[in-house]
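Please read them alongside the coordinates.

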Amino acid sequence: MVVVRAPATVANLGSGFDVFGIALDHPADIIRVEPAKKTTITVVGSGSQYIPCDPKKNTAGVVAEALSAPAHITIDKGVRPASGLGSSAASAAGTAIALNALYDKGFSKEELVWIAAEGERAASGAAHADNVAPAIFGGFTIVSNNKITAIEASLPVVVCLPEISVSTRSARSVIPTSLDLYSHINTVGNAATLTAGMFRNDPLLVGHGLDDSIITPTRSNLISGYESVKTAAIDAGATGVTVGGSGPTVLAIPKKGRSRHVASAMVTAFFSQGILSKAYQTKIGSGAEIYL
Ligand code: HSE
């Protein structure tokens, strides 16, 4: 038996749509695998009632098939599905790491990212790797031209998850298919600023670099109260705010010592719109790890 802890992740970070991602210290999924002749999947925990146990439809099952590694897989969900916190990626990445160890397959982390990305295809229709890359490597990751660059980074992060459901499929259907030159220049500038901020562990640069005028405005419309939550977070000491992954999570980068204030302001702002939410005061963390 192998047990793996696989972290929540946040993709995009505003200016890095389908490119940037970070691993979060918490929440996380716990995945247990045992050798079997045929794959079976049991899911418990947060939102487990919405997750298919059919191995052909479950990200972990798709990964087991891709690795030719049948197993009894038990997933304890700490990362709620349809949250924007890389729920399907945590299960896919954790299963890939666990089965690689269980059957001594010897795949590298980079190879496991692309195998786990096939699990993402089952969940959202696209094999994007911007969640599975940080779920496996940890830190801040850049996926570009099928290459992964992983950078160690250490910054506090607040993610606020409202009780709204937004599927990645529907969030991908609203994004614009063309853009003007000014938006392109602005996005490249912000993405470069954010990357520099990650190297320097500088919350001001990272917060500034989250800004995106192309994808985020269309997606934030799917999150009731987004603008007031963003304003409340900035007023409470966030350097920048954006949609976490495909939403509905809202991500904020707090200034030093302001995590609790930012988290509380975001929950209060959602509540004043009649929406319950849960805020995690977390930080950029490590990738999936075997702990048993
Ligand atoms: N980059 C993907 C998207 C991540 O935003 O659609 C999904 O979590």
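1. Lys-77 is buried, its relative accessible area being 4%; buried stands for under 20% relative accessible area, exposed for over 50%, and partly exposed for what lies in between (1.4 Å probe, protein chains only). Lys-77 forms a salt bridge with Asp-29, with 2.4 Å between the closest N and O atoms. A salt bridge here is a side-chain nitrogen of Lys or Arg within 4 Å of a carboxyl oxygen of Asp or Glu. Asp-29 lies in strand β2 and Lys-77 in strand β4 (residues 71-77), so the pair ties together parts 48 residues apart in sequence. Asp-29 is also buried, at 0% relative accessibility. Helices (H or I, at least four residues) and strands (E, at least two) are DSSP runs, numbered from the N terminus.

2. On the source: this is a predicted model, in which local features need pLDDT of at least 70 and side-chain atom pairs count only at pLDDT 80 or more, while totals for chains, interfaces and linings use all residues. Residues are numbered from 1 along each chain as its sequence is written, and side-chain values use heavy atoms, with hydrogens and water left out.

3. The structure holds four salt bridges. One of them joins Arg-172 and Asp-18, whose closest N and O atoms are 2.7 Å apart. This pair links distant parts of the chain: Arg-172 is in helix α5 (residues 168-173) and Asp-18 in the loop between β1 (2-11) and β2 (20-35), 154 residues apart. Arg-172 is partly exposed, at 24% relative accessible area, and Asp-18 counts as partly exposed at 24%.

4. Another salt bridge is formed by Glu-118 and Arg-121, with the closest N and O atoms at 3.1 Å. Both residues lie in helix α3 (residues 109-124), three residues apart, about one turn of the helix. An α-helix has 3.6 residues a turn, so residues three or four places apart point the same way. Glu-118 is partly exposed at 31% relative accessibility, and Arg-121 is partly exposed at 41%.

5. Which residues surround the ligand? They are Ala-11, Asn-12, Phe-17, Asp-18, His-128, Asp-130, Asn-131, Thr-168, Arg-172, Arg-219 and Ser-246, where the cut-off is a heavy atom within 4 Å. A ligand nitrogen atom is 2.6 Å from an N or O atom in the side chain of Asp-130. An oxygen atom of the ligand is 2.6 Å from an N or O atom in the side chain of Arg-172, and a polar side-chain atom of Arg-219 lies 2.7 Å from a ligand oxygen atom. Of the 260 Å² of accessible area that the ligand has on its own, the protein covers 97%. Accessible areas come from the Shrake-Rupley method with a 1.4 Å probe; for residues, only the protein chains shown count as cover.

6. Ser-246, in the loop between β8 (238-243) and β9 (250-254), is buried at 10% relative accessibility. Not counting residues up to four places away in sequence, Ser-246 touches Asn-12, Gly-84, Val-166, Thr-168, Ala-171 and Arg-219; contact means heavy atoms within 4.5 Å. The side chains of Ser-246 and Thr-168 make a polar contact at 3.0 Å. A polar contact is a pair of N or O atoms within 3.5 Å; within protein, one must be able to donate a hydrogen and the other to accept it, and residues adjacent in sequence count only if both atoms are side-chain atoms.

7. Is helix α1 (residues 59-66) largely enclosed or largely open? Six of its eight residues are buried, so α1 is largely enclosed by the rest of the structure. The buried residues are Thr-59, Ala-60, Gly-61, Val-62, Val-63 and Ala-64. Their cover includes β3 (40-45), β4, α2 (87-102) and α3. Asn-58 caps the N-terminal end of α1, with a side-chain oxygen 2.7 Å from the backbone nitrogen of Ala-60. Ser-68 follows α1 and has a positive phi, near 50°.

8. Thr-187 is found in helix α6 (residues 181-200) and is buried at 13% relative accessibility. A polar atom of the Thr-187 side chain lies 2.7 Å from the backbone oxygen of Ser-183. Leaving aside neighbours within four places in sequence, Thr-187 is in contact with Ser-15 and Ile-214.
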